[in-house]
Amino acid sequence: MTGAVDLGGIKERAEAQRAHAQRAQATQRAQAQPDEASGPGAPPPPPPPAPAGASVIDVTEETFEAEVLNRSMQQLVVVDLWAEWCGPCKQLSPVLERLAAESGGRWVLAKVDVDANPRISQAFRVQSIPMVVAIVQGQPVTAFNGVRSEAEITAWIDEIFAQVGDALPDAPAGAAPETEQTDPRMLAAEEKLNDGDFDGALAAYRAVAEAEPENVEAVSAARNLEFILRAQAHDPNIVETASPRDIDAQLAAADVLLLSQQPEAAFDRIIDVVRVTNGEERTRARTRLLELFELFDPAEPFVVSARRKLASALY
């Protein structure tokens, strides 16, 4: 995202607002009697900055420069753009808050209510929420939309530090997680993948997954690679040529759509098959759809929506 989002406008507006408020306060103080300076008519004091050690900060347009831009010169700032009416936001925010608190000052979470702070929302070009943006040295470096699992967020944060950690001089030393020993079986599978031996890599990942069903990394790698190899074997034209009653062709078309980053269209293809079939054919379509769901976080909005559509088609 670096260079794609201009946050300078927020800073300039905040400076202008502060200057205007300071002039107004000075005028009021000059006009007020000494005993009125702290009375009901006195202007409210500016909000104090968040404590240096705070892990979660509520940010407004007025405090954005100090709490996000300035702070990001020394510390990673993760901006959580949310709203009170947003259900997924209420799922994601507690996870972000807990991880920030557990980071030991490695990074700070800046929460922005987009309804109360529309200029910040405009600056980040927010299309949907929740939206989470990482700020380093006053610039957004990466972002994601929607709900993510704790493991996915942790990996996202670690990747940011791996890429730009040197730009954060005051990041606490030793705060990075301990490096885990690499499983030689997983390393061998990855080497096969990098060498272009996809079938060999898939066999290696499957072997680990079968020996250790609880090995999430191996199970996920095998599942994803299996899908990619199957989808790449299909003729891309199957999306246009598949007969509505040809189950194999419709399932192949769904694979092609998913491989081309169109999950909603892929899921709808299979749900349509479920609606017009029964018996073994319906079971095949339903089973394939559930397998494709496993490729994504179950909290993804398009997965949640597809599950609802599937339930409606079945019952």
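Trainee: Where does P130 lie?
Mentor: P130 sits in the loop between α4 (118–123) and β4. Keep in mind that this is a predicted model.

Trainee: What joins I129 and P130?
Mentor: A cis peptide bond joins them, with omega at about 5 degrees.

Trainee: Which loop holds Q137, and what is its phi?
Mentor: Q137 is in the loop between β4 and β5. Its phi is near 55 degrees, a positive value in a residue other than glycine.

Trainee: How do you know that β4 and β5 are paired?
Mentor: Pairing needs at least two bridges. Strand β4 (residues 131–136) has 6 bridges to β5, so the two are paired. They run antiparallel. M131, for one, stands opposite N145 in β5.

Trainee: What is the strand order in the sheet?
Mentor: The order is β1-β3-β2-β4-β5. It is an open sheet of 5 strands, with mixed pairing.

Trainee: Why is one side of β1 and of β5 left without a neighbour in the sheet?
Mentor: β1 (56–58) and β5 (139–145) stand at the edges. Each has a single partner strand, so one side of each has no neighbour in the sheet. From one strand to the next, the twist averages 25 degrees.

Trainee: Which helix packs on the sheet, and what does it touch?
Mentor: Helix α3 (residues 87–102) does. It touches β1, β2 (76–82), β3 (107–113), β4 and β5. The direction of α3 makes about 155 degrees with that of β3.

Trainee: Which residues of α3 and α5 meet?
Mentor: From α3 come L92, V95, L96, R98 and L99. From α5 come E150, I153 and T154. By class, that contact has 5 nonpolar, 1 polar and 2 charged residues.

Trainee: What makes α8 roughly perpendicular to α10?
Mentor: Helix α8 (residues 216–232) and helix α10 (residues 247–259) pack at an angle of about 110 degrees. The range for roughly perpendicular is 65 to 115, so the label holds for α8 and α10. Their axes are 9 Å apart, and the crossing is left-handed.

Trainee: Which residues form the contact of α8 with α10?
Mentor: F227, I228, R230, A231 and Q232 in α8 meet D255, V256, L258 and L259 in α10. The contact has 6 nonpolar, 1 polar and 2 charged residues.

Trainee: Why are α12 and α13 called roughly antiparallel?
Mentor: Helix α12 (residues 279–293) and helix α13 (residues 301–314) cross at roughly 165 degrees. The cut-off is over 145, so α12 and α13 are roughly antiparallel. Their axes come within 11 Å. This crossing is left-handed.

Trainee: Which residues meet between α12 and α13?
Mentor: R282, R286, L289, L290 and F293 in α12 meet V303, A306, R307, L310, A313 and L314 in α13. They divide into 8 nonpolar, no polar and 3 charged.

Trainee: What is the average pLDDT of the protein chain?
Mentor: The average is 81, and 78% of the residues score at least 70. Over residues 1–6 the pLDDT is below 50. That stretch has 15 contacts in the model beyond near neighbours in sequence. Over residues 29–49 pLDDT stays under 50 too. There the model has 8 contacts beyond four places in sequence.

Trainee: How should I read coordinates where pLDDT is low?
Mentor: Where pLDDT is low, the predicted coordinates should not be read in detail.

Definitions and conventions. Residues are numbered from 1 along each chain as its sequence is written. This is a predicted model: local features need pLDDT of at least 70, side-chain atom pairs count only at pLDDT 80 or more; totals for chains, interfaces and linings use all residues. Side-chain values use heavy atoms; hydrogens and water are left out. Helices (H or I, at least four residues) and strands (E, at least two) are DSSP runs, numbered from the N terminus. Axes are lines fitted to C-alpha atoms, for helices over the stretch in contact, and angles run from 0 to 180 degrees between N-to-C directions. Contact means heavy atoms within 4.5 Å. Angles under 35 degrees count as roughly parallel, over 145 as roughly antiparallel, 65 to 115 as roughly perpendicular and the rest as oblique. A crossing is left-handed if the near helix is turned anticlockwise from the far one by less than a right angle, and right-handed if clockwise. Ala, Val, Leu, Ile, Met, Phe, Trp, Tyr, Cys and Pro count as nonpolar, Asp, Glu, Lys and Arg as charged, and the others, Gly among them, as polar. pLDDT is the predictor's confidence in each residue, from 0 to 100.
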